[in-house]
Amino acid sequence: MSAKAVIVQAGRKIGESWTWMASIGMLALLLLIGTSSTFFGVFAVGLALLIVIILCLDLEQAGTLFVTLAMFSAPLNNLRPISSSFVTVSDLIFLLAFAVLTPTMFSKKLALPWMFILGLGTIIVTGVIATVASPITAVSANQMIRLLIGAFSLPILFMIWRPAHAIIVRLAAAYILGTVFSVMYGVAQGPIGGGHRYIGYTYHPNFLGLSCLLAAALVPYVAGAVNANRSWIFWGAGVICALGVYLSGSRAALLVLIMLILIYPFVEGSVKAGSAVFAGILAVVAFSGSLLNSDGNNAVGRLLGGGSASDSDTQREQLASDALKSLKAHPILGNGFDGGLGAHDIYLQVAVAVGIFGLLGFLLVLWAAFRPLFWKGPEHRLAYPVLAYAAIGPLTNTLWERLIWSVMALAFTVVVHGPQADHPEDELGALRAKKGITV
């Protein structure tokens with residue numbers, strides 16, 4: 001071995017030892033700080049765990065682990081560091097995850113779909129114009145920033161990161177399991193406010209219904225990608241998510257879920273799936289008496305006009321009427337983001353805020369994520385949640401929640417990857433062995 005090689009190797013070893021020594025020193029310091037108070041103790045333990053994870057894994061593996069945890073907690077949008085804050089624990093974990101993944105992302109070539117770029121650019125340009133013209137510029141600017149960060153930051157970060165397909169499966173599975181946890185928590189806690197609607201670990205029953213709808217839409221993708229002897233876990237999770245839609249009392253989520261179930265056999269071209277849907281319809285008819293219980297606040301009862309449906313309809317009609325008046329006043333430039341966002345129709349919300357051209361930009365962004373539905377191969381199933389959100393759009397006011405856009409980001413990721421005819425088992429096996437991935 002040459003003298004130069006010996007020096008290089010010695011330097012590498014010294015560098016590695018200094019890294020470990022610095023880490024051990026930091027852990028000792030955290031131990032000292034953590035004994036001063038409960039708050040600092042919790043902080044120190046959390047930071048110590050973070051250091052240990054990064055030391056035991058490489059940055060990409062650690063970042064992937066954090067994104068997985070963020071996807072699990074995304075449906076739990078009532079899990080917040082401060083109860084009055086709009087920032088969720090999932091937001092903080094996503095921030096940590098992509099901070100750790102920054103070196104990995106810098107090594108990737110930037111390749112965003114042109115439709116996404118054009119659509120987002122149109123929203124930004126029209127949004128700036130509408131905000132400047134708005135009588136309450138500061139409020140409109142704040143709401144516009146929340147839209148850009150809350151809705152579009154995750155798709156951009158995921159498209160830059162471009163995780164492998166096996167990791168996308170893991171992330172989708174984490175979201176489904178997080179939603180199942182939310183439903184089970186809701187069942188354990190019981191209905192809210194003396195009524196008969198369940199909220200899960202969200203802060204409104206409609207959020208429980210929406211997260212259950214998106215999780216159910218992810219089930220075919222995950223169940224088809226995992227080992228055959230594990231697929232029943234996710235089909236069972238899909239049943240629990242459907243139960244969550246029913247318990248939430250969300251009529252919109254129920255209608256879109258029924259739509260997805262009915263079109264699934266035709267999109268998949270599967271007689272087996274068609275038979276399963278037919279059997280499910282018979283089961284629903286057989287238990288219709290139990291589904292239509294006396295309280296009327298479950299999704300079926302409210303869909304038929306029971307429970308709180310009448311009051312909700314009256315409020316939504318008034319909000320839609322006010323929004324339409326604002327749209328007619330400024331159909332081209334929009335009114336800014338300080339008004340109109342209360343309408344229970346995301347398309348009307350966007351049109352009121354940034355005008356017709358801004359709405360076209362928003363539709364172009366959605367279409368960019370929807371395209372995989374027409375591909376061959378398993379990746380087309382990641383467009384089911386996009387279809388679900390597009391279909392529920394006229395019936396919901398949820399525009400930038402991360403429980404939506406974390407799922408949408410998965411679809412954008414496969415758009416960047418492009419159509420995949422299949423996943424070669426040897427390629428998946430090699431990836432799992434390298435990264436320690438199990439799905």
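## Basis

The model is predicted, and local features need pLDDT of at least 70, side-chain atom pairs count only at pLDDT 80 or more, while totals for chains, interfaces and linings use all residues. Residues are numbered from 1 along each chain as its sequence is written, and side-chain values use heavy atoms, with hydrogens and water left out.

## Aromatic pairs

The structure holds 18 aromatic pairs. Rings of Phe, Tyr and Trp (its six-membered ring) pair if their centres lie within 6.5 Å; planes under 30 degrees apart count as stacked, over 60 as edge-to-face and the rest as tilted. The pair Tyr185 and Tyr201 is tilted, because the ring centres are 4.6 Å apart and the planes stand at 45°. This pair links distant parts of the chain, 16 residues apart: Tyr185 is in helix H8 (residues 165-189) and Tyr201 in the loop between H8 and helix H9 (205-225). Helices here are DSSP runs (H or I, at least four residues), numbered from the N terminus.

Tyr185 is partly exposed, at 30% relative accessible area, and Tyr201 is partly exposed at 21%. Buried means under 20% relative accessible area, exposed over 50%, and partly exposed in between (1.4 Å probe, protein chains only). Tyr389 and Trp405 form an edge-to-face pair, with 6.1 Å centre to centre and 75° between the planes. Tyr389 belongs to helix H17 (residues 384-392) and Trp405 to helix H18 (residues 402-417), 16 residues apart. Both Tyr389 and Trp405 are buried. One aromatic cluster is formed by Phe72, Phe181, Tyr185 and Tyr201.

## Helix H10

Helix H10 (residues 231-248) has 18 residues, which at 1.5 Å a residue should span 26 Å; the end C-alpha atoms are 26 Å apart, in agreement. The expected span is 1.5 Å times one less than the number of residues.

The buried residues of H10 are Ser231, Phe234, Ala237, Gly238, Cys241, Gly244, Val245, Tyr246, Leu247 and Ser248. After H10 comes Gly249, with a positive phi near 80°.

## Salt bridge

A search of the whole structure finds 1 salt bridge, meaning a side-chain nitrogen of Lys or Arg within 4 Å of a carboxyl oxygen of Asp or Glu. The side chains of Arg402 and Asp91 meet in a salt bridge at 2.7 Å, N to O. Arg402 lies in helix H18 and Asp91 in helix H4 (residues 89-100), so the pair ties together parts 311 residues apart in sequence. Arg402 and Asp91 are both buried.

How values were computed
Helix = DSSP H or I, 4+ residues; strand = E, 2+ residues; numbered from the N terminus.
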